[in-house]
Amino acid sequence: MTTSMQISTTVDGVRYVDQVEPRMLLVQYLRERLGKTGTVVGCDTSNCGACTVLLDGTSIKSCTMFAVQADGHEVTTIEGISRDGELHPVQQAFHECHALQCGFCTSGMIMQSVSLLRENPHPSEEEVREGLEGNLCRCTGYQNIVAAVRSAADAGDGASSQAAGSDTASAVAASTDTAGTGSAGADAERVGMP
């Protein structure tokens, strides 16, 4: 018999209060309970980085963290980084630089890139490659991914000004209907909205 635990976490600007099993991974919670399917389950071993999200603005692999560990924290997924229907500068750069092929790794690559640019707004090519080491792509050879990250950095304020945080999350809450998704439904409330 597994007992459930109550958690309260903010995901993409919406606060959720939910009952979860202590062994439920954050990636499972995001996908199965909240419908955040942009967070991909890849290897289940923390090797590929496809499940990368931001926890309080820092990138983590959501397959390595239990949902109960996110209690009281802010999680930003790929669905939560755009603003007012506009792509985040890193998303735009990935599009413009053709930095994807099959797309399986793309959300994790983008989330890791957002975190990287938040920490280092103007990385060298080598720093980009080092910053993305924990995210694997089997299709592209990384050239266009590195070019996209550098392009987003060259865009100036783009990557750092829209990095995860309450401003981004609040803007997303207005445009994303997640309150009625998953089992959190009635317990979800908008955070940071006027």
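**Notebook: buried charges and chain layout**

I looked up D12 first: at 1% relative accessibility, D12 counts as buried. The model I am reading is predicted.

I then looked for the partner of this side chain. D12 and K36 meet in a salt bridge, with N to O at 3.0 Å. I note that the pair links distant parts of the chain, 24 residues apart: D12 lies in the loop between β1 (5-11) and β2 (14-20), and K36 in the loop between α1 (26-33) and β3. K36 counts as buried as well, because its relative accessibility of 2% falls under 20%.

I searched the whole structure for such pairs and found four salt bridges. Another of them joins R33 to D18, whose closest N and O atoms are 3.4 Å apart. This pair ties helix α1, which holds R33, to strand β2, which holds D18, across 15 residues. D18 is buried, at 6% relative accessible area.

I also recorded the salt bridge between E21 and R23, at 3.0 Å from N to O. Here E21 is partly exposed at 32%, and R23 is exposed at 57%.

Next I examined the strands β3 (residues 52-55) and β4 (residues 58-61), which pair in the antiparallel sense over four bridges. S59 in β4 is the bridge partner of L54. The two strands form a hairpin with two residues between them, and D56 in the turn has a positive phi of about 50°.

Finally, I noted the overall layout. I count seven helices and six strands, in the order β-β-α-β-β-β-α-α-α-α-α-α-β. Of the 194 residues in the chain, 49% are buried. The chain exposes about 9,000 Å², of which carbon and sulfur atoms supply 46%.

Note on methods: Residues are numbered from 1 along each chain as its sequence is written. This is a predicted model: local features need pLDDT of at least 70, side-chain atom pairs count only at pLDDT 80 or more; totals for chains, interfaces and linings use all residues. Side-chain values use heavy atoms; hydrogens and water are left out. Buried means under 20% relative accessible area, exposed over 50%, partly exposed in between (1.4 Å probe, protein chains only). Accessible areas come from the Shrake-Rupley method with a 1.4 Å probe; for residues, only the protein chains shown count as cover. Two strands pair if DSSP finds at least two bridges between them. A salt bridge is a side-chain nitrogen of Lys or Arg within 4 Å of a carboxyl oxygen of Asp or Glu.
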